Amino acid sequence: MEIIFWQPFCESFPAGLVQKDSPNHVNCRSICGIIYRYFISFLQISYARCMVKQVILSALSWVVSTSLVIMALLHLGGDFPDIHSFVQPRLGAALLVFLIVSFGLFTVMNRKYLKALLPWAVILPLLWMGTFTWAYGFASLPEKKHLGDYYVLGGLLMALPYVYTALTARRKRFSSLWTVIAGVYTFFMVIIPFIYIGYYVLFGGEMDMFAMMAVRSTHLKEIKDFLRTMGSPAHAVMAAAALAIVIACAVTLSRSLMRKARTFEGNILRGSGRSFSIGLLAISLLFFGGFYRQITHVFPASIIKALNSSGSEFQLLQKLNDNLDKNVKTMTFLAPNPENGIDEGTHIVIIGESANRDHMKAFTPDYPENTTPWLSEMAKSKDFALGYKAYSNFPNTLFSLSYAMTSANQYSDMSFEDVVSMVDVAKAAGYRTDWISFHNRSSMSSAGVTMIAERCDDSYWEKNYDGYTLEVLKKLPPAKKRIIFINIDGSHYTYIARVPVNLRDKLGISKEDPYHDYDLTIAYDDQVMKDIFEYAKANLNLKSMIYFSDHGENMKHYHTTSPFYYDMVHIPFFVYLSPDYQAAHPDLMPALKSHEQQVFTNDLAFDTVTGIWQAKTNFYQSKYDFSSKDYAINMDNATTFERKKKIKDDPVWQGK
């Protein structure tokens, strides 16, 4: 039986299939062979397609199930209340990376190998993703937009053990070296999340750029003081033991991983062909490169990079520290012999924390909660002047107080190379200076303040509630002329932790108040200031008491530079002058009262406070002194955020 084909088609068959006597004829047996071969090829293509489909389905099911679990956890945490809150570019990037990782692994790696190493592959991703899911989803730390960066890293961390062992496990020549490298890598990747969590446990906040500045700025004496303050020898032993355990676990994990990879029976890759080797090389370059890039965008590398950038806060701090002593030598008083004009008695400067005047009834009379019963009453007195339009100069502590406590401000051209501090002026004028702080001495969220505080005659670093101020005041050494700085813990998040448990139900804040915990801190510190005021009047010959906060607070975004909201810089500000001090300096209170409805930014605290103390130096400018008739800041020229934001653009003034 012969079947006739067209010449071109026959020529496409392999040699030997076409009959010799007729190039246009093919015998039946040859046709069966062709059909068989083409059928096998079809099956191979179909199998390949099935494998591709299997890879796609496996990758998608893994990514979708993981994403749903993470979304459910974040929703339970409360910071991701609805589907719209998950629509963030970085979370989208994390989803894409998870897909790429899954496709790569399922395409190149043997499925049995993937299962065999899974217990090791998920340890670091779970640790990192779990830590930062807790931080940004449950601990209510700000900047939750960064969470996606840690999920991207989690996907890469999952891939790296597979890629690493596929490249090194069967190479016995350097097996010990590979194990050491894996152990060192594992140790650092384990210890970093624990450092982050440990900082939060100790200080109740995020280890951010300002905290990292503490590490960069710390010297041996500060380390000893820190250890003496924070713990006992038992705590040191426990810390050393914990570190040893982490090291042991890291070494054990790396050895166990390499052993499992070396003893795995079968092919690591799906096949032994060149294409799979090329695929392994491709995903190795992709994942190692991606890991290197991503590790520089997360804690702690991202913070260190920010500190080292030009014009960073760390460089600002160093500039301030390097020049204070030099500039003090150039300081002169505008009136000779300032001690002759200084009254005996005590001046108190209270520096608040995250206090927003919008939540203080004394400044916002229509606020529904009576958060300031004492100050509201005092505001009616002729001895008190309130700044109803007071602002912080910046929405974080480092910048705002570095300006407030020194002669630098937004409006002059004076840089931190050319300033002196409020403390230096007080000491040079003949006052004894004491600093009482309820912030941690080595926490650099207030780095510049810590540096200035240490310039006082004595400093007291208390780990207690703000109300403990009275106990510290009682143990101060006697002095005829003194200035006391009190840096309260105020309304720092976590809010409820700032208020003693036994007082939480006695401060008159309604349980129905949507901002109950925050308003509780405001009410508590109103009571604290009342106690300080009454004790100082009765026992310390109080002449003046001045209060301002470092910055305000937004109830959703806390205080940050991005996103920025004006309530982050709404702060309280008031000045008390005793009747006899007013009599001695009759121009002060009238000027203060006349400026109550003018804008005040707290970078002008230096000029205002030293003016009230009658300690005016060549660094003082009367146009920035809220207590001077020359005060020149108003709604037209007042700024915040390093002059980037105008006060008149605050939405609360629109239409007024």
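Reply: Across residues 275–292 the chain is 100% helix and 0% strand, with the end C-alpha atoms 26 Å apart. Helices (H or I, at least four residues) and strands (E, at least two) are DSSP runs, numbered from the N terminus. This is a predicted model, where local features need pLDDT of at least 70 and side-chain atom pairs count only at pLDDT 80 or more, while totals for chains, interfaces and linings use all residues. Residues are numbered from 1 along each chain as its sequence is written, and side-chain values use heavy atoms, with hydrogens and water left out.

Me: Which residues does the UniProt annotation "transmembrane region" cover?

Reply: According to the unreviewed UniProt entry, that annotation covers residues 55–78, 90–109, 116–138, 150–167, 179–202, 234–254 and 275–292. UniProt positions are given here in the numbering used for this model, feature names are shortened, and annotations may be inferred rather than shown by experiment. In the model, residues 150–167 are 100% helix and 0% strand, and their end C-alpha atoms are 25 Å apart.

Me: What is the span of helix 11 close to?

Reply: Helix 11 (residues 274–295) has 22 residues and reaches 31 Å from its first C-alpha to its last, close to the expected 32 Å. The expected span is 1.5 Å times one less than the number of residues.

Me: Why are the buried residues of helix 11 said to line one face?

Reply: Buried means under 20% relative accessible area, exposed over 50%, and partly exposed in between (1.4 Å probe, protein chains only). In helix 11 the buried residues are Gly 279, Leu 280, Ile 283, Ser 284, Phe 287, Phe 291, Gln 294 and Ile 295. Seen down the helix axis, they fall within an arc of 140°, so they line one face. The arc is that of the directions from the helix axis to the C-beta atoms. Turned away from that buried side are exposed residues, namely Arg 274, Ser 275, Ile 278, Leu 281, Leu 285 and Tyr 292. As a general point, an α-helix has 3.6 residues a turn, so residues three or four places apart point the same way.

Me: Why is the pair of Tyr 431 and Trp 613 called tilted?

Reply: Rings of Phe, Tyr and Trp (its six-membered ring) pair if their centres lie within 6.5 Å; planes under 30 degrees apart count as stacked, over 60 as edge-to-face and the rest as tilted. The structure holds 36 aromatic pairs. In this one the centres are 6.1 Å apart and the planes at 55°, so the pair is tilted. Tyr 431 lies in the loop between helix 16 (422–428) and strand 6 (432–437), and Trp 613 in the loop between helix 22 (605–612) and strand 12 (639–640), so the pair ties together parts that are 182 residues apart in sequence. Tyr 431 is buried at 3% relative accessible area, and Trp 613 is buried at 1%.

Me: What makes the pair of Phe 485 and Trp 613 edge-to-face?

Reply: Phe 485 and Trp 613 have 75° between their planes and lie 6.2 Å centre to centre, which gives an edge-to-face pair. Phe 485 sits in strand 8 (residues 481–487), 128 residues from Trp 613. Phe 485 is buried, with a relative accessible area of 0%.

Me: How do you know that a charged end sits over the ring of Trp 653?

Reply: A charge sits over a ring if NZ of Lys or CZ of Arg is within 6 Å of the ring centre and within 35 degrees of the ring normal. The charged end of Lys 389 sits over the ring of Trp 653, 4.9 Å from its centre. Arg 357 likewise lies over the face of Tyr 391, at 4.9 Å from the ring centre.

Me: How many disulfides does a search of the whole structure find?

Reply: The search finds 0 disulfides, a disulfide being a pair of cysteine sulfur atoms within 2.5 Å. As for individual cysteines, Cys 249 is partly exposed at 41% relative accessibility, whereas Cys 456 is buried at 8%.
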